Every structure is written in structure tokens, then in C-alpha cells.
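I'd like to talk about charged side chains, so let me put the structure up.

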Amino acid sequence: MNPPPAETAPRPPRRRVHTRARLLAAAGELFLSVGFARTSIEDICAAAGYTRGAFYSNFGSKEELLLALFDDQAARRMAELAELAAACEGLAPRERAERLVEALLRVDPADTGWILLFLEFRLVAARTEALAEQVAAHDRAVARALAEVLERALPALVPPGASATQAASVILAAREGLLARTAAGGAVAEDLLAATAAVLSGLLD
């Protein structure tokens, strides 16, 4: 009697999804605790409990993994903003604008590490043309997502002669600079956030 044929079917997709999710989770914890530069692929594999082969079957590089994390983080924030915009549809325009501006500027304690991580990676990517383009593609995707929210819920933030995507790009760039200056927290950060919220709200009048 011949032995059964060897298993040649590919791994179930859900196993691959699980592996990818564990790698992302492990990498996120390491990146946030020690930074991008000080985290190696070996560190990520050890923390996730996988081999380098498992890593490279899901990601082409450490940079690609980090960009995937940024995409996930941005998608989460945009979903929260879109949900808030929908909840504010019945409010007066000024009150709706104030709530959305506050949501754009809000920095939860858990977000501080992400801010520092993104700033670190943006500096790394600026020295490599291919990485810089990948970061730019991420920025464009986030700007398009925010533009959809602005067009639906906050058109007053789109000045005459500009597109919603252009307005979103400027808002996101200003937000990133603001968050870089307030990442350490404290009274100075609170004052700057309050001043920015007041200026943006004033522009809506």
C-alpha cells in the first residue's frame, strides 16, 4: 500500500494573517519602547516567536513593516474622525468645527510614542529616495482620507481656490509639526494646543 501523498497545499490564509498580525504587534511594542533604529529584524522575530523566514514571507524589510504599522494607525484615526463627523452632523457649524478641530489636535498619552516614532522614521526616509517616496505615498493616502471627511463635515476648512486634498495635506503637515513640539507634554504643550485650536476655530468664522 502506497503512503499518502505529501501535503502540498499552501498554508491557510488565516494562518498567514495571524503571523502577520503577531509580527506587527511585536514590532510595534519594540519600536515604541526603543525606537526604529535600535530594533532589528532578529529582535522582532524573537519577540513574535517566528523565524526570519516567516518575517520575509510577510514583509520585504523592517521599513515595509513600519509603514504597514503607520497605515494601520492612520486608518484607525481616520475611522474615529469619520465616526465623530457623522455624530456631529446635527450640530451648528461652529460647534461641529470645534469638535473636529479638537479631535484633530488631540494627543492621547498612548499616541506620544507613535509621534516620536514617525518623526524618527521620516528623518531616516529623507536620506533614501525610495523610502521617501513610500512615506510620501502614505502621506497622500492619509490626506485623501481626511479630505473625504472635510468635504462632508467641515467644508469651511477648505479655502476658495484649493481642493479638499490640498487643505487636508496642509492640515496634516501643520498637525505633525505641532505634535512634534508638544510630544513632551507639560504646560507649554497645553498652551500651544489651546492657541492652535483657537486660531483654527477663528478661521472658520
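Predicted model: local features only at pLDDT ≥ 70, side-chain atom pairs only at ≥ 80, totals over all residues.

Let's begin with helix H4, which covers residues 62–87. Which residues are linked in a network of salt bridges? They are Arg76, Arg77 and Glu80. Glu80 takes part in two pairings here. With Arg76, the closest N and O atoms sit 2.8 Å apart. With Arg77, the corresponding N and O separation is 3.6 Å, which still falls within the 4 Å cut-off for a salt bridge.

Why are Glu80 and Arg76 separated by about one helical turn? Because they are four residues apart in helix H4. Arg77 and Glu80 also both lie in H4, three residues apart, again about one turn of the helix.

Now, buried or exposed, what about Arg77? Arg77 is buried, because its relative accessible area is 16% and the cut-off for buried is under 20%. Glu80, at 34% relative accessibility, is partly exposed, and Arg76 is partly exposed with a value of 34%.

Glu133 counts as partly exposed, at 43% relative accessibility, and Arg140 counts as partly exposed at 40%.

That's my tour; happy to go back to any of these pairs on the screen.

Conventions
Residues numbered from 1 in each chain as written. Heavy atoms only, no water. Salt bridge = Lys/Arg side-chain N within 4 Å of Asp/Glu carboxyl O. Helix = DSSP H or I, 4+ residues; strand = E, 2+ residues; numbered from the N terminus. Buried < 20%, exposed > 50% of the residue type's maximum accessible area, 1.4 Å probe, protein only.
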